[in-house]
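Subject: Structure for you to look through

Hello,

I am passing on the structure we talked about, and below it you will find some notes on what turned up in it. Please read them with the structure open beside you.

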Amino acid sequence: MKVFKERLQKVCVIGATPAGIAATNKLGEMGIAVTLIDESPDLNEKLASDMWRMPSGVSFNYALRPGLLRIMRNPGIRLLLPASVNSIKHTPQGFSVRYKKRASYVDPNKCTLCGLCSQSCPATGPDGAKALRYGGRHALPGRPVIDKRRTPLCQANCPLGVNVQGYMALAHAGKYAEALELIRKDNVLPGICGRICTHPCEAACRRNDLDQPLAIRDIKRFIADSVLPNSSSAKPAATRPEKIAVAGSGPAGLAAASDLIRLGYQVTVFEKENSPGGLLRYGVGPFRLPRVVLDREIDYLSQAGVEFRLGCEYKPSPDDDFSAIVFATGLWKDRKLNVLGEDLHGVVGCISFLSAVFRGEIKSISGKTAVIGDGNSAFEAARTLVRLGAEVTLISWFPEALIPADAAEVEGALKEGVELKTSLKVARFLGTGGNLKAVRLIPTKPGPPDAKGIPWPVSVEGGNPLEIEFERVVIAIGQTGDATHFEGYGDGFTTPDGIIRVDEKGGTGAQNVFAAGDVAMGPSSVVSAMASGRAAARAVHGFLTGQTVEHRSLSRPQESDFPPITTEIPSIPRTVMPELNRISSRDLSVEVSLGLTEDQVRSETSRCLQCGVCSECFQCIEACRAAGAISQADDSSQAAEHAGVVIIADPAFAPGIKGEDVIRAYSSKAINPDVSAQMLRGFAAAAEAVLLLGDGAPRVKGHGISFSPPSPKLSPELRAGVFVCRCNDALGWDPELDRYISRLGENSPVEYAESVASACAQEGAASILRTIREKGLTRFVLASCVCCPLDLICSACTDQRSRLKAAIFQGTGIARAMAETCNLRGEALTLLKSDPALAVSRFKGLIQRSIGRVAHLKSLPTPGRQYNFTTALIGVSEAVAKSAQTLGQMGMEVFWFGSPDGPLSSAPDFPNVHAFLGSSAVTLKGTVGDFRVVVRMEDGGQQVFSAGSVILGNRARKNLAYMPHPDMPPHEFADSMQTKDARGVPFFVPGATSIAGLLLASPPGINVSERLKGTAAGILAATVMPRGPRQNKGYTVSINEILCRGCGRCVKACPYRAISFHHNSLGFGYAVVDEALCKGCGNCISICPCDAADSPYRDRFQLEQMIEEITARG
Amino acid sequence: MENDLKILLFLCNWCPHAAFQNLQDTLAPLPAEIRMIRIPCSGRITKSLLFKAFETGADGVALVGCPPGACRYGIGTGVAERNVDDTRGILRLLGLGDERIGFASFYPDQPSEILEFLAGFRDRIKELGKTPIVPPSRTGKPALTPELASSIMGSHNIYTCQDCGKCSSACPVALSGKPFSPRAIANAAATGELDSPRISDDIWSCLTCGLCYDRCPSAVSFPDFIKEMRNVASANGRFEAHEGFFHSLMRAMISKDLPVEHWKWLAPEIQTDPESKMLFFGGCAPYFDIFFKNHLGISTSNILADALKLMNFFDIYPAIMQNERCCGHDLLWSGDRDNFIKLARLNVELISDMGIEELVTACPECYRAFSRDYRENGIEVRFKVTHIFELADTEISKGAVGFSRLNKKITFQDPCRSRRSQTGRQFMRNLLGRLNVRVFNEMRDWGASSLCCGNCAWTGCDSYSKAMQVSRLRQAKETGSDLLVTACPKCQIHLRCAMEDPVLEDEIRMEMMDLTSVLARTIQWE
């Protein structure tokens, strides 16, 4: 059953295969809106496939490059690349195609393909590929593509969300400053965390699946230590009026202060001690965290604008003008064992002991000392005690294997001589005269695991207690808060243990009071405390502004998984950081760990699997700052494209959909159809699409004139400008070039000279245009990557070049003839790095010669010609009938004749088709728009019919004489496409011939049905007709009538019949070039015996001048 | 000094350009000695442009296009190969060898292949070393002032013109329909209108055939006047035919170190004697044959071989110069006297060094240059200059020599450089009379009234030249002859060129043979 659809005048082509490209091009030429969807991000790369090589040996991407660039420049054609199709559904207006466009992160309209981003991209995965895929300057569309996957596990598992992969990549590239900058975005204490972080990132590292996790913390330490602090930076001014108080300068307070400063607030940190750092200074030994590192990182915050008030405890006062207060005061009360004898002299809490040591109140300790506890703090105390001279025993109630402290801590302590006693718990402390003498311990065993799986130890029933003599005991079983500190904030502000109750938004029971770190969440790690500080900062900002701050980057496509860990990736052991040996370590201030060397960092970072591919190091964004083409925001989209007609050109790409109005431009039978067949299928699909679109599609009928709008004539006045494109300095620059450019204006005829960062960028082209107009320039040198100013697309043309030419010459009133171009980028700038002197001399030579040429520029021809929009069909085959039907249904006028050896005996009745029964075409004359078919009519008489295009059936192709000139034998034209090693055949698409407008209903040697071939010929005929004014080509040959001796060589040689023969008054012939047909190859010039043929663009004298400039003058 | 090498690369827009740009974009090590000129198609580059590079000092020239079957325009690869092949033939004659010019073709996705080719080409040129061609200076023309014009007019009796118009009515250029008049040139010079087209254009159209001088009651030496004017007027190469190829060739030959190999093609049965005091001077025919081989199919070097055979027939075994150069006639007559003099001096020096006492030539222009133009330009020629026709006529007159039957009706085209000389008046007609042919008929205009072949000194070729040639060929046809005998290689070239006509075709097509060849091929002892 046929369903009537009121179709949208738009076609959706799915699959940029040769068939898809052929269909898109033809529909584009018809003026029909097209959306082309393909999974590949780069048409050039996709179509370079050997599978689609043309029979001539040229790969499809280069052979069809003019067509591909026309797609880029056609405002009616929309590209969705890279994208996939989820579903296609019938709608009353045609189809709805649901697609998902993947993010490329690069805007093709702004990208100049300068390559800076590619140079800056440090990420190299295990296969050595960069995350930013720069496919060279032939990419279509002209932009690189960034491959980005979901958030790497290291980053996901970091409470701060630090972009580990990013700084791994930067460190591997030796960009330590950039790496440090990246770390600091999320972690303002890199040197500290590089030493004492509990590194949850390493636990999540996918390298665990392969061998061992990456030594992320050690690399971070190297980065933090290797970059010298920048001391000169002035304090940035606050951008917001609010002042925030942060109480406490531990990790939570510092992290909160840092984020608040970045948000623009004025931040004051209160610290009751005389030095900032909190637990970092008073709870961590300098042998693990040298104070110079701590001071350096606090200094960084001071420089960033954080004000520290030291020796000053924050007390709320009616006078203060803080808009918000963040409590990050930590937990400073030691938890008690609550056993007998805990008040004996000689029994101290861990934190009070350590803070006394680090304040300098205790310088040395001798004698037997026990540390009770098994967390990191216990080991911290034990190792501190060793350094103070004590004989240390650490007593844990867990068996050794279950000790919760970091294994490295345990190992370090043992190395340093700490004795470890395990599975023992303190029963009581024994003393005499108020002084500790011994500790009574009872054996334990792991109990039943709790909800979290921790087997809390229980006493061994009937176990024998043992007593050990100690002079001193340090109890390190945790800290609690002090509820009395916060009495002014009301009941329930804290827990009974003095921990501030915080809601999920970071708020507390008091309105503008926030809390972070241990005081808000109980004892935890440095990194968690910092995360909590950052959360508090976000809460403050939310409270004051109502705005939310994103904590984590949202630009990663979370559904895109990591590249798999393949067997090709070698297993490499983790790099071990060297440490001091035990003997020389008995000094509090000597750091035990020595840090990695640069070589170690380089090799260790190379172990990073770069799981997210793009590491989000943002170096490319920085590199592209001028052009602003790269954004790390996910620009993927998922939407529905509505189109009147769908053409599926790639069977592998579209989901199944049924319906007789679904056009499929591929064969379900032929597994590997040749590229010519695919193109023919594409043409046929385009024709079917036009038919489906019905009356709304644009038509041409009758007669018309096509012309190039006349270019402005070159002014006799010579006022030249020079515009030099620096290509964003991607290839480097030399100050000498600036000096040279600045001096150009001193010499006539140069009125003005400047360099622009990038001419193909919108602003670049606009500024050139503006200057040409403002300065009244009549000629100009465009020194960029553009080689010619012509409306010519050769196989080396690029998206950027064509974009720049379109911006300068299309509809601007600037004539192509005004411009002299040189490929400065290719011929000079590319040498700047390898041979600067040569580059500078080439640069000057190119510019100087171009300036020399502007005076000799010539106006370019502006051809116009008449078109008869009728198509003549010659032949009786099925293919010819199909052409007739197609064109007729499209609304084109058609004349149908028999071929010389077979009169048209019968013909179906098609609309708009005038079949001349009994007729036979005899000969053919003329050229496109103006063919003459000489026909023998049924009654034997001859008639001449005019037609704009001609479609020949197979027998007509073999037998009909093409006689463009009455005085000459039939003109042989090429009717089979270019094939390797076959000389003399110009490029044309299947179904066409070397004569424009002369088409084949059934092109030979292509394995496609006659029906499809005939349909394809229909669209070729329909599109050969111009649909409006044309661009001035500017590269045609002209023949001087006086010089021409009428030898006829050029007439015979021209593959396009662009040259015709006329009679002069001297009794013989002369040749005339039809500028609308001439393609400017210039072969006629080189066979002309009398120099009559020449081209206004790069004529003989210009070429001679170039040769002399290069050879004679060097 | 390696970077002093200058290698020119003509690079087609299409396939190879894409590959080349890929090399630029990837910062590949393109040889610095190679400089690229981008062209629309390899078939666009004429032999003249290829050779121009060598004239101006290029050490190597590479033309790079698309592989056969992949030329965007179909014909370019073949045209380019023929042009390179022809130019290579010229280089071979000049002793520059085969390898300084290269042609290659690449697909767009063959950047490494093109790089390999370019590096290899550079290396080969480096091995060959610098070109022996020293680019000749082309400056030195004095500015054309009214005083200078006046003095030239004075020295050639132009002021004695009585304005009778006999010159114009005899001038073949004017008769061809071209708006051209010798008198108008003279008048423009006399009135100081030096910028007018009468001076700037018409002096290059004159054939310098001298018919006007023959008719002039005041014996105004118009050809010499034109020659002088050309030597002072600026032409910017615009009137050089064949894009100045032959002018480039002549200028290149001024380089003394050029190891010309002028005679390598000569068949071994032709005997010459290096010790002989008589020199056979061949002229430029071998170059002409290469340059025109693809279209005109002429073989003017046969004239030289036949001249030598003729001399051998008379038991004369002359010396030949392997490093023979052009006589320079066309440089002088196309306005480059400076370089003519340089070339003439070099010729005289080379010939004198061989101890030559007599020079024989079969070319009327060489004969004219050595016997007259050299002397008139202050170059002392100490050897006797003889035209082959004089030598042949003299030898035949000694008796016992006859001619075998040539079953042709013949007519004869007098060369303008000989028609008024003794060679023309006496020897050519004597020889024609001796031939054993069906019939010899003179054309309507013959002898001293004979019409020029239509071009002089490779200048001013256009549709009017063709008209002259067509009318001359019609005259030849009118005689009912089937063989047109000529006596100058250029007559053969120009008349053959005119026969290439898709409209007139058989109406003007005719077999041609040089008189020297006719003589050599039919002479026999009786």
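Which residue takes a positive phi just after H2(B)? Before you look, please keep in mind that this is a predicted model. The residue is B:Gly57, whose phi is about 110°.

Among the buried residues are B:Lys47, B:Lys52 and B:Glu55, together with B:Leu49, B:Leu50 and B:Phe51.

The largest nonpolar core has 203 residues, and those with the most contacts inside it are A:Ile647, A:Phe780, A:Phe843 and A:Ile847. Helix H22 of chain A, residues 675-693, gives the most to this core, with 12 residues. If you select A:Ile847 and leave out residues up to four places away in sequence, you will find that it touches A:Val722, A:Val724, A:Tyr740, A:Leu744, A:Ala783 and A:Leu824.

Finally, please look at B:Thr300, which lies in the loop between helix H14 (285-292) and helix H15 (301-313) of chain B. B:Thr300 has a relative accessible area of 1%, and because buried means under 20%, it counts as buried. A polar atom of its side chain lies 3.3 Å from the backbone oxygen of B:Ala285. Beyond its neighbours within four places in sequence, B:Thr300 is in contact with B:Ala285, B:Phe288, B:Asp289, B:Pro489 and B:Gln492.

Best wishes

Note on methods:
Residues numbered from 1 in each chain as written. Chains lettered and ligands numbered in written order. Predicted model: local features only at pLDDT ≥ 70, side-chain atom pairs only at ≥ 80, totals over all residues. Heavy atoms only, no water. Helix = DSSP H or I, 4+ residues; strand = E, 2+ residues; numbered from the N terminus. Buried < 20%, exposed > 50% of the residue type's maximum accessible area, 1.4 Å probe, protein only. Polar contact = N/O pair within 3.5 Å; in protein donor to acceptor, adjacent residues only side chain to side chain. Contact = heavy atoms within 4.5 Å. Core = buried A, V, L, I, M, F, W, Y, C linked by side-chain atoms within 4.5 Å.
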